[in-house]
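Hello,

Here is the structure you are taking over. Please have it open while you read the notes that follow.

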Amino acid sequence: MKWTPQMVVITGTVAYVIVSVFVVLGAVDPMNTFVYEWLQPLPDRVFAYVTELGSAQAIVALSILGLLFWYWRGDRIEAWRLTLVGIGTLLFTQVLKLVYGIDRPLIDASLDATTYSFPSGHASGSLALYGLTAYVLYRKKQSRVVIFILLCLVLAVSLSRVILNVHYFSDVLGGWLVALTMIALSEWIIRRRTV
């Protein structure tokens, strides 16, 4: 079966709803504890720097740089898509945080961790920006090394939130599903406009 953007939007939305129900019911606690303990040997000092690559300021700034880069390459669609998906995902994630109102494991302003916990803005923002860039480069048959680095960056930024104990792993999952759905929605819209 070949996945279409529509199928990813529907699947991502349903998966997000299921994860959010489990989060609200507190049924994700064993998974969150397991992942947190599994990641604890990793050096949190290093990840305190890595996590900054997923901050709202970094995502907005890099989205604008991406806009300029794709314009320079002559691809106006990807220029605007990167910016709208990157910044739009961050804003939508903040709205969802207010809807759920779930407290963090640890409040730390120095780690950009002062809002509610679910879903993770760093996870959604990093996947929206770096993940979408990796997807576009893959479709354009660009450097596999760069694509791999971008995907590793998504993983490192997202998991840094758990390592630093400012998010639960379920928050990260929620963030990934939000971003995945937004990326797929953008692909769906582009394909409909270009067909």
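**What was found**

Phe69 counts as partly exposed, at 35% relative accessibility. Trp70, by contrast, is buried, with a relative accessible area of 5%. Please keep in mind that this is a predicted model.

**Aromatic pairs**

A pair of aromatic rings is described by the distance of the centres and the angle of the planes. The count of aromatic pairs comes to seven. One of them is Tyr16 with Phe118: the ring centres are 5.6 Å apart and the planes lie at 15°, so the pair is stacked, the cut-off for stacking being under 30 degrees. This pair links distant parts of the chain, with Tyr16 in helix 1 (residues 5-25) and Phe118 in the loop between helix 5 and helix 6, 102 residues apart. Tyr16 is buried, and Phe118 is buried too. Phe69 and Trp70 also pair: their ring centres are 5.1 Å apart and their planes are at 70°, so this pair is edge-to-face. There is also an aromatic cluster, formed by Tyr16, Tyr100 and Phe118.

**Helix 4 and helix 5**

Two packed helices are described by the angle between their axes and the distance between the axes. For helix 4 and helix 5, the axes come within 7 Å and cross at roughly 170°. Helix 4 is therefore roughly antiparallel to helix 5, since angles over 145 degrees count as such.

Which residues meet in this contact? On the side of helix 4 they are Ala56, Ile59, Val60, Ser63, Gly66, Leu67, Trp70 and Tyr71. On the side of helix 5 they are Arg76, Glu78, Ala79, Trp80, Leu82, Thr83, Gly86, Ile87 and Leu90. By class, the contact of helix 4 with helix 5 has eleven nonpolar, four polar and two charged residues.

**Salt bridges**

How many salt bridges does a search of the whole structure find? The search finds five.

One of them joins Asp75 and Lys140, whose closest N and O atoms are 2.8 Å apart. The two residues sit in distant parts of the chain, 65 residues apart: Asp75 is in the loop between helix 4 (56-72) and helix 5 (76-100), and Lys140 is in the loop between helix 6 (121-139) and helix 7 (144-163). Asp75 is buried, with a relative accessible area of 16%, whereas Lys140 is partly exposed, at 33%.

Another salt bridge is formed by Glu78 and Arg81, with the closest N and O atoms 3.0 Å apart. Both are in helix 5 and three residues apart, which means that about one helical turn separates them. Glu78 counts as buried at 8% relative accessibility, and Arg81 counts as buried at 5%.

Arg81 also forms a salt bridge with Glu187, where the closest N and O atoms are 2.9 Å apart. Here too distant parts of the chain are linked: Glu187 is in helix 8 (residues 169-194) and Arg81 is in helix 5, 106 residues apart. Glu187 is buried, with a relative accessible area of 3%. Through shared partners, salt bridges join Glu78, Arg81, Arg139, Glu187 and Arg191 into one network.

Regards

Key. Residues are numbered from 1 along each chain as its sequence is written. This is a predicted model: local features need pLDDT of at least 70, side-chain atom pairs count only at pLDDT 80 or more; totals for chains, interfaces and linings use all residues. Side-chain values use heavy atoms; hydrogens and water are left out. A salt bridge is a side-chain nitrogen of Lys or Arg within 4 Å of a carboxyl oxygen of Asp or Glu. Helices (H or I, at least four residues) and strands (E, at least two) are DSSP runs, numbered from the N terminus. Buried means under 20% relative accessible area, exposed over 50%, partly exposed in between (1.4 Å probe, protein chains only). Rings of Phe, Tyr and Trp (its six-membered ring) pair if their centres lie within 6.5 Å; planes under 30 degrees apart count as stacked, over 60 as edge-to-face and the rest as tilted. Axes are lines fitted to C-alpha atoms, for helices over the stretch in contact, and angles run from 0 to 180 degrees between N-to-C directions. Angles under 35 degrees count as roughly parallel, over 145 as roughly antiparallel, 65 to 115 as roughly perpendicular and the rest as oblique. Contact means heavy atoms within 4.5 Å. Ala, Val, Leu, Ile, Met, Phe, Trp, Tyr, Cys and Pro count as nonpolar, Asp, Glu, Lys and Arg as charged, and the others, Gly among them, as polar.
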